[in-house]
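Let's work through some exercises together, one step at a time. Look over the sequence and the 3D view, then try each task before you read its solution.

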Amino acid sequence: MVNKLEILPNEIFLHIFSYLSWDDILISLWSINERINSFICSIFSINKYGIIFNKPGLSYKKCSSILFPLIFNSSSLCSNIKSMYFDGIYSIPFDFIYEKFFYHNDKQRIYFPNLKSLYITKCLLSQPILQILSTLIKYQLDELLLTFHGDINEIFDHTGDLVSNISIEKDKERMFQQLLCQIFSDQCQLTSLKLNIKEIIDSVDQCLKSHPSLPSKTVSDGLQSYCTTLRHLDIHLNNADFLEDIIERIPNVEQLSVDLKKLQRYWSPTDSELQSLILPNGNWFNKVPKLKCFTLKSCIYNDLEFTYLKWLLNNINHVTKLDIHLYNDDVWRKDQTIWKSIIDANFIRQYCLPDQIINLRDFQFYICIRYQLLISNIEKIKNSFRIHPFFIDHQWTNVECFYQQKGSYQHIFSSTLRKLQFFDALMDHPILVEWLPAHVKIYLRPSIYLFFEQFNKLCPNASCITFISGCSPEYLERLMALSTLFQTQQLNINNIQFQNVTKLRLGHMYNRRFPHLENFRDEYKTLAKIYAHIISMCTQLRYLSVSKFEWLLYIIEYAFDDLRKDALSAVQYAEFGITSCNFGYNESVHVGKHLVSVLGTFMPHLKTLCLWRLDDFPWTSIRPDIPSRRYGILILRWQKTLRTSESILQHVRVFEEDLCELVEQLKGLVYLNIYGKTSYKKVELYRLMVQNRFPNSHNDIQTSRFRLWI
């Protein structure tokens with residue numbers, strides 16, 4: 001075997017490695033011989049190959065007992081690793097990796113001296129993460145991607161009283177402010193940064209103004225208030241205040257991309273105050289003279305925000321490439337007159353470009369506005385660019401425009417644009433085919449069969465589809481036509497297949513307050529049958545997300561014959577919203593009892609499970625049935641019993657039974673993630689139960705989230 005491997009050229013090894021994940025490469029091939037080891041090290045030295053902890057099947061046990069010892073026992077391997085990837089949804093816990101990778105005997109230690117790129121997505125901040133990030137951006141990293149989970153404001157374990165919770169929140173805010181201030185100072189050597197702080201509390205946006213260690217020019221001890229190494233910045237913000245503060249601290253930036261929730265400042269000035277503030281052309285050329293590419297994506301809701309936009313554009317009028325994306329879904333507010341204008345060449349020139357064009361060579365734009373538009377005006381709008389002297393001179397006349405009747409949205413954009421917000425009017429506007437992203441969102445309606453028939457042609461690169469539907473009787477009645485096409489085999493799933501789709505999402509609302517279905521209605525059978533056919537059309541399904549677990553039950557009960565055999569058997573990641581076990585009608589609170597049996601039967605190879613709960617973590621209910629006529633009185637009594645010691649211990653036992661049954665049925669499960677809301681009195685009891693029942697696992701249990709790595 002070794003002799004045969006020895007004769008293979010490096011190109012063949014590289015081809016073989018392209019089919020293997022990093023952990024498979026190390027477990028299967030490391031230590032075969034020196035040549036193979038050397039080649040593996042050279043592969044990891046290439047930045048695009050790295051340690052990726054985003055794989056659903058990567059277990060805690062495999063990492064702690066096999067992979068980590070293998071890595072740490074080889075200094076050559078450690079020194080060649082240049083990049084790491086973490087994802088908060090299904091990564092091995094970062095705090096555990098932090099402890100193993102960056103600490104030794106309670107002292108900080110960097111095992112990877114050449115680590116240059118770190119990518120952390122959907123992150124839940126903790127003190128260990130902040131500490132290691134502070135060290136890495138100061139001494140090692142060139143590139144950092146950092147985005148946060150929607151639960152970022154619940155990142156600490158709120159198991160104490162109100163006073164301690166407030167103290168924890170203050171510490172959290174202070175720690176993250178310090179990290180931000182360090183990033184935009186000479187204590188950071190990053191050249192590329194992608195940072196999304198939209199989920200962070202608003203006060204963080206003000207930290208560069210208020211932080212005592214970063215005054216406007218310089219500080220004591222030689223700390224400079226700017227980062228001279230940063231060349232590429234992609235940042236997502238709540239408002240424009242933080243952007244202005246950043247500009248003061250990134251003098252050598254060359255590419256700047258900004259995504260804002262709203263194009264407004266943190267405070268709300270009067271009209272006269274805002275006009276006096278932003279009308280002067282305070283050109284940023286002296287602050288960011290090397291800036292070449294500027295991208296702005298934002299909602300704009302009023303005329304003052306347009307005035308602010310114009311000020312921004314005039315400040316960066318020295319760039320060579322400009323990309324503007326603007327959105328508005330409500331143009332009938334009293335403070336909006338500009339949006340009520342016709343969006344044509346004159347509009348783009350006046351409001352979406354600097355007054356003075358100096359170096360601009362490449363201009364792209366995309367505008368989506370909820371606006372009543374006559375179909376006859378579309379050609380006039382497009383023609384306005386063909387006859388406008390400015391756009392003719394710059395050869396920017398090729399513009400597309402269409403009107404999306406569902407929702408009354410006007411879309412207008414540069415025809416050279418390669419990225420576009422999704423809309424569900426594909427068949428009416430085939431010009432958009434080449435811009436469709438890998439994630440396609442579709443509103444389910446009868447005419448969608450036309451899209452199904454041409455899906456692989458229209459969306460050859462689509463790997464994820466989200467289907468959005470309604471539940472009203474009128475809507476479900478309209479879907480009968482689509483269901484009939486499937487039943488009569490006019491839409492044959494053997495001929496219509498989503499060839500490259502690995503992720504399927506049925507519904508799109510995921511939070512702790514999501515609404516659930518009322519008692520089953522016959523109309524639901526229609527949608528269940530359509531969902532069954534859609535699932536069956538996915539030939540490589542690995543990721544299934546269903547916003548309401550009841551729909552999966554309905555598919556199995558009422559549309560089983562329409563579901564392709566083994567359609568769900570290859571699913572490795574599943575995500576569901578499950579009803580409360582304590583509140584709701586009798587059938588609803590007992591939905592969770594079917595969870596394990598359904599998963600064990602239809603998804604036997606599941607590795608990651610994510611559940612969204614309205615309240616506590618157990619999915620099996622112990623609530624007795626409550627007559628509907630006395631629901632109000634009896635549910636209040638039940639709610640009071642939940643606070644008793646007896647009830648708390650009973651819920652701990654039920655949750656233990658749920659977890660044991662789940663792990664027993666799903667032998668390959670490596671990660672369980674539950675979003676919910678439990679009493680702080682239960683947290684420590686849950687933690688002790690898990691440690692006792694699963695001693696070789698790792699857990700993170702808070703009042704709002706339960707995570708278990710097996």
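**Exercise 1. Find which residues ring pairs link into a cluster with Trp22.**

Step 1: recall the rule, by which rings of Phe, Tyr and Trp (its six-membered ring) pair if their centres lie within 6.5 Å. Step 2: follow the ring pairs, which join Trp22, Phe53, Phe68, Phe72, Phe86 and Tyr111 into a cluster. Step 3: count by this rule over the structure, and you get 38 aromatic pairs.

Before going on, note that this is a predicted model, where local features need pLDDT of at least 70, side-chain atom pairs count only at pLDDT 80 or more, and totals for chains, interfaces and linings use all residues. Residues are numbered from 1 along each chain as its sequence is written, and side-chain values use heavy atoms, with hydrogens and water left out.

**Exercise 2. Classify the pair Tyr543 and Tyr573, then the pair Phe655 and Tyr686.**

Step 1: Step 2: Tyr543 and Tyr573 have 10° between their planes and lie 4.3 Å centre to centre, so the pair is stacked by the definition. Tyr543 belongs to strand E18 (residues 543–546) and Tyr573 to strand E19 (residues 573–578), 30 residues apart, and the pair links distant parts of the chain. Here strands (E, at least two residues) and helices (H or I, at least four) are DSSP runs, numbered from the N terminus.

Step 2: check burial, where buried means under 20% relative accessible area, exposed over 50%, and partly exposed in between (1.4 Å probe, protein chains only). Tyr543 has 10% relative accessibility, so Tyr543 counts as buried; Tyr573, with 2%, is buried too.

Step 3: Phe655 and Tyr686 make an edge-to-face pair, 5.0 Å centre to centre with 70° between the planes. Phe655 sits in helix H26 (residues 645–665) and Tyr686 in helix H27 (residues 680–693), 31 residues apart. Both Phe655 and Tyr686 are buried.

**Exercise 3. Work out which strands are at the edges of the 12-strand open sheet.**

Step 1: write the order, E1-E2-E5-E6-E7-E8-E9-E10-E11-E12-E14-E13, with mixed pairing. Two strands pair if DSSP finds at least two bridges between them. Step 2: the edges are strand E1 (51–52) and strand E13 (399–404), each pairing on one side only. Step 3: look at E1, which two bridges join to the parallel strand E2 (residues 83–87). Ile51 has Met84 in E2 as its bridge partner.

**Exercise 4. List what Phe549 is in contact with, leaving aside neighbours within four places in sequence.**

Step 1: contact means heavy atoms within 4.5 Å. Step 2: the partners are Phe576, Gly577, Ile578, Val591, His594, Leu595 and Val598. Step 3: Phe549 is in helix H22 (residues 549–558), and its 0% relative accessibility counts as buried.

Notes: Rings of Phe, Tyr and Trp (its six-membered ring) pair if their centres lie within 6.5 Å; planes under 30 degrees apart count as stacked, over 60 as edge-to-face and the rest as tilted.
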